[in-house]
Amino acid sequence: MAEATVKEVVQEKEPLFGKKEKKLLTDPLNDNNPITVQVLGICSALAVTSLVYPSIVMAIAVTLVVAFSNLFTSLLRTYIPKQVRMIVQLVIIATLVTVVELILKAFNYAIWKQLSVFIGLIITNCIVMGRLEAFAMANKPWRSFLDGIGNGLGYGGILVIISIIRELFGKGTLFAGSPAALNIIGPSNEINKYWINTASSSGFGHWVGSWYFNNNLMVLSTASLFIIGGIIWIHRTYNKKLVDIS
Amino acid sequence: MDFINVFIKSAFIENLVLAYFLGMCSYLAVSKSIKTAFGLGLAVIFVLGITMPINWVINEKILGENGIFHTDLTFLRFILFIAVIASMVQLVELVIEKFSPALYTSLGIFLPLITVNCAILGGSLFMVSREYNFTQSVAFGLGGGFGWFLAIVAIAAIREKMRYSNVPAPLRGLGMAFILTGLMGIAFMSLMGIDPAALAGK
């Protein structure tokens with residue numbers, strides 16, 4: 001009996017940002033990554049990653065939606081009946097996605113136009129629903145919020161890695177469409193258009209043309225499947241406990 | 001004839017998983033064994049086959065300008081479609097929990113996640129954008145579901161065989177599944193552009 005009271009006192013004095021909270025933020029970046037370990041949110045990782053800039057915007061939007069839907073679901077978790085929980089969760093998610101979409105439309109119209117379909121598809125992004133079912137329905141609001149932020153960042157990190165590879169090899173540019181657009185590699189006769197100009201007007205290159213050709217496979221969504229496969233391979237080489245034993 | 005054309009087209013030529021990459025999450029996560037893949041595939045056929053006609057009726061008779069309200073309410077499309085899908089999935093979940101608890105536990109979190117399976121909502125949106133009529137939308141629902149079922153059973157079978165191969169340890173399981181799906185996607189790209197209606201005409 002005495003033990004139980006001591007435990008309760010300790011629980012009340014739990015710090016606002018202790019070890020457990022920190023773990024919630026860092027776990028999804030490595031040990032419990034939403035894409036490479038939990039296998040959630042693959043569809044959008046395949047669809048939006050052909051350019052870097054839209055994927056960064058997408059990552060921020062998803063992080064906000066996951067964090068706040070986790071928070072609200074966790075606040076409401078004791079009032080939601082089990083039989084209709086999905087509909088309640090979807091209403092929360094759909095509302096938040098609409099808010100994010102309107103904010104984006106108001107402040108950055110160009111990128112909204114580019115992403116419009118995919119922003120709507122955050123509703124059906126399994127990361128959001130997956131975290132609500134797996135975490136927010138059983139945990140306190142503050143922790144659920146942190147879990148949402150962590151998972152959003154873990155998802156965004158992978159998205160950015162994939163999109164950098166795809167844009168660099170598929171189009172020869174980085175951050176195209178953003179104010180910080182970079183032209184890395186490509187054939188061009190204009191001086192300084194690309195960092196690495198692959199067209200040469202004299203010598204051997206005169207007959208061959210450009211020695212570098214954009215890899216068209218990288219533009220297709222199929223490429224991101226291979227890239228994610230490669231990321232998983234590298235990730236699990238360094239993180240042995242994730243290796244599939246069965 | 002129309003029914004068969006749309007069915008074959010949606011199942012093989014424009015396969016939701018391997019041509020449009022919709023519904024990947026559950027496809028990759030539940031394909032470890034043929035048995036669970038089979039169960040989830042059947043659930044997806046059922047949900048797609050039922051939601052597609054219902055969403056067609058909602059879209060035409062309630063939201064459209066010729067519907068009962070005589071106003072353009074298409075901005076409500078997302079919310080109504082997702083509500084229909086969510087209630088159908090909840091129904092399937094209750095039925096499976098009642099009749100097959102073993103399948104229920106093995107599907108785990110991926111059963112409620114059928115709701116957010118992009119293939120289901122994506123299918124309904126494709127149906128709207130391609131302007132299918134009622135018969136075609138039934139065919140598209142069943143055909144799309146069958147194509148999804150076929151793809152997940154195929155990859156589950158390959159993954160079961162893969163267990164006896166000498167795959168590098170970090171690539172075992174999930175990593176290999178991604179690469180296999182990529183290869184299957186490339187293979188299915190060769191089917192794109194075949195027009196069954198034109199073939200039947202000849």
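1. In this note a residue is called buried when its relative accessible area is under 20%. The structure is a predicted model, and every value below is computed from that model. By this cut-off A:Ile35 counts as buried, because its relative accessibility is 0%.

2. A:Ile35 sits in the loop that joins helix 2 and helix 3 of chain A. Apart from its neighbours within four places in sequence, A:Ile35 is in contact with A:Leu40, A:Gly41, A:Ile42, A:Ala45, A:Tyr155, A:Ile158 and A:Ile228.

3. A:Gln38 lies in the loop between helix 2 (19–26) and helix 3 (42–47) of chain A. A:Gln38 is buried because its relative accessible area, 15%, is under 20%. Its side chain makes a polar contact with the side chain of A:Arg131, at 2.8 Å. When residues up to four places away in sequence are not counted, A:Gln38 touches A:Asn32, A:Asn33, A:Arg131 and A:Asn151.

4. Helix 10 of chain A covers residues 221–238, and its 18 residues reach 27 Å from the first C-alpha to the last, which is close to the 26 Å expected at 1.5 Å a residue. Among the buried residues of this helix are A:Leu225, A:Ile228, A:Ile231, A:Ile232 and A:His235. The buried residues of helix 10 pack against helix 3 and helix 8 (141–171) of chain A, and also against helix 2 and helix 8 of chain B.

5. Turning to the contact between the chains, 38 residues of chain B are in contact with 37 residues of chain A. The area buried between the two chains is about 3400 Å², and carbon and sulfur atoms give 79% of it. Of the area that chain B buries against chain A, B:Val116, B:Pro170 and B:Phe178 supply 19%, more than any other three residues.

6. Which side chains meet in a salt bridge? They are those of A:Arg85 and B:Glu93, with a nitrogen-to-oxygen distance of 3.4 Å, and the rule finds one salt bridge across this interface. One residue pair in polar contact is likewise found across the interface, with both residues at pLDDT 80 or more. On the side of chain B that touches chain A, at least two residues each come from helix 2 (24–29), helix 4 (77–99), helix 6 (118–129) and helix 8 (174–189) of chain B. Helix 8 of chain B gives the most to that side, with nine residues. The residues of the side of chain B that touches chain A divide into 25 nonpolar, eight polar and five charged.

7. Helix 6 of chain B is mostly covered, since nine of its twelve residues fall under the 20% cut-off and are buried. These buried residues include B:Cys118, B:Ile120, B:Leu121, B:Met127 and B:Val128. Their cover includes helix 3 of chain A, together with helix 3 (34–63), helix 4 and helix 7 (134–162) of chain B. The end C-alpha atoms of helix 6 are 16 Å apart, which agrees with the 16 Å that its twelve residues should span at 1.5 Å a residue. Just after helix 6 of chain B, B:Glu131 takes a positive phi of about 55 degrees.

Terms used:
Residues numbered from 1 in each chain as written. Chains lettered and ligands numbered in written order. Predicted model: local features only at pLDDT ≥ 70, side-chain atom pairs only at ≥ 80, totals over all residues. Heavy atoms only, no water. Contact = heavy atoms within 4.5 Å. Buried area = accessible area lost by both parts, 1.4 Å probe. Salt bridge = Lys/Arg side-chain N within 4 Å of Asp/Glu carboxyl O. Polar contact = N/O pair within 3.5 Å; in protein donor to acceptor, adjacent residues only side chain to side chain. Helix = DSSP H or I, 4+ residues; strand = E, 2+ residues; numbered from the N terminus. Nonpolar A, V, L, I, M, F, W, Y, C, P; charged D, E, K, R; others polar. Buried < 20%, exposed > 50% of the residue type's maximum accessible area, 1.4 Å probe, protein only. Expected span 1.5 Å × (residues − 1).
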